[in-house]
Structures are given as C-alpha cells and as structure tokens.
Amino acid sequence: MFTLTAHADRVSDINYSPDGKYLVTASNDQTVKVWDAQTGTELLSYALSGFMYRAFFTPEARRMMSASYWPPTFRLNAFLNVDDLVAAGRARLRRDWQPGECRKYLHMDSCPEHP
C-alpha cells in the first residue's frame, strides 16, 4: 500500500490502465500525473490549462485521455501513451533538459538524448 502525495490540490479522478501497470490522476492543480501502480512512483506530470476533472486510459490501453474545464471552455486531451506525454513535454522545452529536471519530471538519473 502507498500514498500518492504529489498533487498540490484536490484529486478529482484516478484510474488504472487496463493492464494494471499504471495509475493516472487528474487534479484541480491543473495537472495529470501518471504513476507506477506497483510502487506509487510518479512517472510523469503534465500541466494543462484548466481544472482537470477526468483522466483515464481507453479500454485497449492505447490512449490516455484527460478532460479539463476552464470557464467557459471544456477540453478533451488525448495522448497515445506515456512516451507521447514525455515527447509532448520535450517539444515544449526550448532548451536541453537539466539533470535535476530529468530526475524530477522523467524520473531518470540521466537525461535522454534530444531527438
């Protein structure tokens, strides 16, 4: 048993991936987080605009979805998999990852090469 404690505001949704390997959480802190379901380790944190109120994997586990609300707009965000979320984060970063960022956001001791 473990406690997920990385969100800064209320968690509005939590779901397992169909294969049971991951958990995904949505929070009013405007983030969606992906966790290792066996250890409770945060694998990825993705910031989006709006209050995140749903996060889930599609039944075939090929997509992770989240829904947010920022008045007056509702948004549905779709990602193919955890690797796509990491790629989206890299695309927004206009410089190389710093080692501390790799540990904090990617949970890796060393940064992967930028494609």
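Student: How many bridges join β5 to β6?

Tutor: A word on the model first: it is predicted, so local features need pLDDT of at least 70 and side-chain atom pairs count only at pLDDT 80 or more, while totals for chains, interfaces and linings use all residues. Residues are numbered from 1 along each chain as its sequence is written, and side-chain values use heavy atoms, with hydrogens and water left out. Helices (H or I, at least four residues) and strands (E, at least two) are DSSP runs numbered from the N terminus, and two strands pair if DSSP finds at least two bridges between them. β5 and β6 run antiparallel, and the number of bridges joining them is six.

Student: What pattern does the protein chain follow along the sequence?

Tutor: The secondary structure comes to two helices and seven strands. Read along the sequence, the pattern is β-β-β-β-β-β-β-α-α.

Student: Which strands stand at the edges of the open sheet?

Tutor: This sheet has four strands in the order β1-β2-β3-β4, with antiparallel pairing. A strand with a single partner has one side left without a neighbour in the sheet, and that is the case for β1 (11-16) and β4.

Student: What is the average twist from one strand to the next in that sheet?

Tutor: The axes are lines fitted to C-alpha atoms (for helices, over the stretch in contact), with angles from 0 to 180 degrees between N-to-C directions. From one strand to the next, the twist averages 15°.

Student: Which residue of β3 stands opposite Ala26?

Tutor: β2 and β3 pair in the antiparallel sense, over five bridges. Within this pairing, the residue of β3 opposite Ala26 is Val32.

Student: Which residue in the hairpin of β3 and β4 takes a positive phi?

Tutor: Strand β3 (residues 31-36) and strand β4 (residues 42-47) run antiparallel and are joined by five bridges, and Trp35 stands opposite Glu42 in β4. The hairpin has five residues between the strands, and the one with a positive phi near 80° is Gly40.

Student: Is Ser68 buried or exposed?

Tutor: Ser68 lies in strand β6, and five of the seven residues in that strand (64-70) are buried. Not counting residues up to four places away in sequence, Ser68 touches, among others, Met52, Tyr53 and Phe74 (contact means heavy atoms within 4.5 Å). The classes are buried under 20% relative accessible area, exposed over 50% and partly exposed in between, with a 1.4 Å probe and protein chains only. At 2%, Ser68 is therefore buried.

Student: What is the angle between the planes of Tyr69 and Phe74?

Tutor: Rings of Phe, Tyr and Trp (its six-membered ring) pair if their centres lie within 6.5 Å; planes under 30 degrees apart count as stacked, over 60 as edge-to-face and the rest as tilted. The structure holds three aromatic pairs, and Tyr53, Tyr69 and Phe74 form one aromatic cluster. Tyr69 is partly exposed at 30% relative accessibility, whereas Phe74 is exposed at 57%. The pair of Tyr69 and Phe74 is tilted, with 4.4 Å centre to centre and a plane angle of 35°.

Student: How many Å apart in space are Arg10 and Tyr53, C-alpha to C-alpha?

Tutor: Arg10 is found in the segment before β1 and counts as partly exposed at 49% relative accessibility. Beyond its neighbours within four places in sequence, Arg10 is in contact with Ala26, Ser27 and Asn28. Arg10 and Tyr53 are 43 residues apart in sequence, and their C-alpha distance is 9.8 Å.
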